[in-house]
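Subject: A structure for you to look at

Hello,

Here is the structure I promised to pass on. Have a look at it first, and then read on for what turned up.

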Amino acid sequence: MTTTAPTFDTSNSLTDHNNPTTNRLRIVFAGTPEFAAISLESLISQQEALNIEIVAVYTQPDRKAGRGQKLSASAVKEVALANDITVEQPVTFKKSSAEGLAARQTLRTYQPDVMIVAAYGLILPIGVLETPTYGCLNIHASLLPRWRGAAPIHRALLAGDDETGITIMQMDKGLDTGDMLYKVSESIASDDTAARLHDKMAALGATAISTVLKDLAAYQAQAIAQDDSQANYAEKLVKTEGEVDWSQPAAAIERQIRGLTPWPGAYTFLAGQRVKVLASLPVNTSQQTNEPAGTVISVGRKAILVACGKERDAESSATTLAITHLQFAGGKPMTAEQICHGDQLNDGDQFTTETK
């Protein structure tokens, strides 16, 4: 499906010497969520400075969202239409289908020099990757080859990485396996959640792709192959990953809470009722306990102290986690102080896993 803004003109051509944009790189941008929209907005604002022309934007088809299940446009589509750029929303590029063949033909009509891809969500076959003159560039939210796949930001947090970053990659037929053109790193702060780190990576990605486009030929000439032996697969998140296993060390649970915020969110059970674990303090290794994992040691105004498991190979007592925000079933998010003044949680209560 194509959505065309009323004032858009597709007549520009690289061979049109009477057109002032003749020598500009013709860019097709492909992306869907907010992460990609940040880069698109940045590129739109820099078209003259970067000597580029964004001739079309590709994004996922509109999806039903919200309680009313109304069709909702992607963040990328909204940015494109607000800037009078044609939007394409094919469901496939597979040449085995009429829809896929048509989508490929439409892409060719834009005569792209480069296709920039950021969290698009649609597989690009080799025939598509080879359509632009200089290929397809991917804005990937990890220091490749560390995390390949759908959820590199979350996996970096869950694994306890000290840093992450953006890699601008020349796409090939593999899953995030292409040569690396440019990498820029970012330290992971002790209080970074997936949401906060996402915003940092989105801004960093926008800057990184602009840097590469300023001298694309040079970056492509110095591309570096990835070391496959260093790669890890960043699997797509599933809701069940949010369930807290209190037998795990406190550090792992603390990373789980941050790494799964805002979605799918960490959660536990109290007397059979689901409780969302929204935030905690960094782990204090000096606070240890002999209480069973999941035991609420104390409900204080600043934090709720919960017993967790031992660190691996540790002979000392079990670790503890200081939780600062919870949300009980059917209620609103509450601070530790609010919980302390209520009767929903008491010293000695036991957080458990879901009863099957």
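This is a predicted model: local features need pLDDT of at least 70, side-chain atom pairs count only at pLDDT 80 or more; totals for chains, interfaces and linings use all residues.

Which strand gives the most to the lining of the second largest pocket? Strand S14 does, with 4 residues.

**The whole protein**

The protein contains 10 helices and 20 strands. Its C-alpha trace spans about 80 × 45 × 40 Å along the principal axes. Of its 356 residues, 48% are buried. If you take the contacts with a separation of 6 or more, 66% of them are between residues 24 or more positions apart.

Strand S13 (266-270) joins S14 (273-280) here, each supplying at least two residues of the lining. Among the lining residues are Lys239, Trp263, Tyr267, Arg274 and Lys276. Sorted by class, this lining has 7 nonpolar, 2 polar and 3 charged residues.

The largest pocket has a volume of about 1,600 Å³. Its lining is made of 46 residues, and those nearest the centre are Pro33, Ala119, Tyr120, Gly121 and Ala150. Helix H1 (34-45), strand S8 (136-140), helix H6 (152-159) and helix H7 (194-214) are the elements that give two or more residues to this lining. By class, the lining of the largest pocket holds 26 nonpolar, 13 polar and 7 charged residues.

**A closer look at helix H4**

Helix H4 covers residues 98-109, 12 residues in total. From first C-alpha to last, H4 reaches 17 Å, close to the 16 Å expected at 1.5 Å a residue.

Which residues of H4 are buried? They are Gly100, Ala103, Arg104 and Leu107. These four lie on the same side of H4, because they cover an arc of only 100° around the axis. The general rule behind such a pattern is that an α-helix has 3.6 residues a turn, so residues three or four places apart point the same way.

And what covers the buried residues of H4? The cover includes strand S2 (25-31), strand S3 (52-58), strand S7 (114-118) and helix H5 (126-129). After H4 comes Gln111, where phi is positive, near 45°.

I hope this helps you find your way around. Do write back with any questions.

Best wishes

How values were computed. Residues are numbered from 1 along each chain as its sequence is written. Side-chain values use heavy atoms; hydrogens and water are left out. The expected span of a helix is 1.5 Å times one less than its number of residues. Buried means under 20% relative accessible area, exposed over 50%, partly exposed in between (1.4 Å probe, protein chains only). The arc is that of the directions from the helix axis to the C-beta atoms. Contact means heavy atoms within 4.5 Å. On a 1 Å grid over the protein atoms alone, a cavity is a set of points where a 1.4 Å probe fits but cannot get out, and a pocket is an open set with protein on both sides within 12 Å along at least five of seven lines; lining residues have an atom within 4 Å of a point. Grid points are joined across faces, edges and corners, and a volume is the space filled by probe spheres set on the points. Ala, Val, Leu, Ile, Met, Phe, Trp, Tyr, Cys and Pro count as nonpolar, Asp, Glu, Lys and Arg as charged, and the others, Gly among them, as polar.
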